[in-house]
Amino acid sequence: SKSHYYRLLWECCRRWAPRLVVEIGIDKAGSTMSLAAANPEGKVTSIDIDEGSCLNARRIAAEHGLSNLTVVHSDSIQALEALRSGPRLLRIDMLFLDGAHDFVHVYNEYQQFRKHMTHDGIIFFDDIHEGKQMEASWDLVLDPKVELPKAHATGFGVCKVNQFQNCPTLAEVLPHVRARF
């Protein structure tokens, strides 16, 4: 159930106290609120292309006094460009990928955001077994990874970023995976 992975995200944020968490995909804001509430000293940036999801997350955060949450209404890769153009170097401690569930989006987000992770950064992937495209994305994660099958019915995965491992670009891997779906 969703509550399993909300609890997992909450516990990880509470225990590791990341300085910056980026979440891609807000939906009803359950994970968003778990991430923000667990570590009030850290910053959480949640990104979604759906305006309604963003408005809902802002409303809930305001109702609960969560001032450490920034909600960005944007495409994730465009949001990354905006985050990178800020005055300080972008270093993400924890990333949660739960946006569009197709290979191009998921792998591109993994590859692009991974470049901005801290040396000991953690990336969570939701729904890794929700179809062939999600499975292909998860298969191509080169970082040390583990599946947590009880965290979510359609699969949940976690990887620890290995900055010494180069990650192939979307253009490099796309011709090899198209036949899978």
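User: Which strand holds L69?
Analyst: This is a predicted model, where local features need pLDDT of at least 70, side-chain atom pairs count only at pLDDT 80 or more, and totals for chains, interfaces and linings use all residues. Residues are numbered from 1 along each chain as its sequence is written; side-chain values use heavy atoms, with hydrogens and water left out. Strands (E, at least two residues) and helices (H or I, at least four) are DSSP runs, numbered from the N terminus. L69 sits in β3.

User: Does L69 count as buried or exposed?
Analyst: Buried means under 20% relative accessible area, exposed over 50%, and partly exposed in between (1.4 Å probe, protein chains only). L69 has 13% relative accessibility and therefore counts as buried.

User: Which residues does L69 touch, not counting those up to four places away in sequence?
Analyst: Contact means heavy atoms within 4.5 Å. On that basis the partners of L69 are T32, M33, A36, V44, S46, A57 and A61.

User: What is the relative accessible area of T32?
Analyst: T32 belongs to helix α2 (residues 30-38). Beyond four places in sequence, T32 contacts E23, I26, S46 and L69. T32 counts as buried because its relative accessible area is 0%.

User: Which strands stand at the edges, each with a single partner strand?
Analyst: Two strands pair if DSSP finds at least two bridges between them. Seven strands form an open sheet with mixed pairing, in the order β3-β2-β1-β4-β5-β7-β6. Two of them have a single partner each, so one side of each lacks a neighbour in the sheet: β3 (69-73) and β6 (145-147).

User: By how many degrees are neighbouring strands of this sheet turned against each other on average?
Analyst: Axes are lines fitted to C-alpha atoms, for helices over the stretch in contact; angles run from 0 to 180 degrees between N-to-C directions. For this average, direction is ignored. The turn is 15 degrees.

User: What is the bridge partner of E147 in β7?
Analyst: β6 and β7 (residues 156-160) run antiparallel and are joined by three bridges. In β7, E147 is partnered by G157.

User: Which strands does helix α4 touch?
Analyst: Helix α3 (residues 51-63) packs on the sheet against β2 (43-48) and β3, at about 165 degrees to β3. Helix α4 (residues 76-84) also packs on the sheet, at about 140 degrees to β2. The strands touched by α4 are β1 (20-24), β2 and β3.

User: How many of the ten residues of strand β5 are buried?
Analyst: β5 (residues 117-126) pairs with β4 (residues 92-97) in the parallel sense over five bridges, and L95 has I123 as its bridge partner. β5 is largely enclosed by the rest of the structure, because the buried residues number eight.

User: Are α5 and α6 roughly parallel or roughly antiparallel to each other?
Analyst: Angles under 35 degrees count as roughly parallel, over 145 as roughly antiparallel, 65 to 115 as roughly perpendicular, and the rest as oblique. α5 (residues 103-114) and α6 (residues 132-139) pack at about 20 degrees, with axes 8 Å apart. The two helices are therefore roughly parallel.

User: Which residues of α6 make the contact?
Analyst: From α5 come F103, V106 and Y107. From α6 come Q133, M134, A136 and S137.

User: Which residues of α7 make the contact with α5?
Analyst: α5 and α7 (residues 170-177) pack at about 145 degrees, with axes 11 Å apart. α5 contributes F103, V104, Y107, N108 and Q111. α7 contributes L170, V173, L174 and V177.
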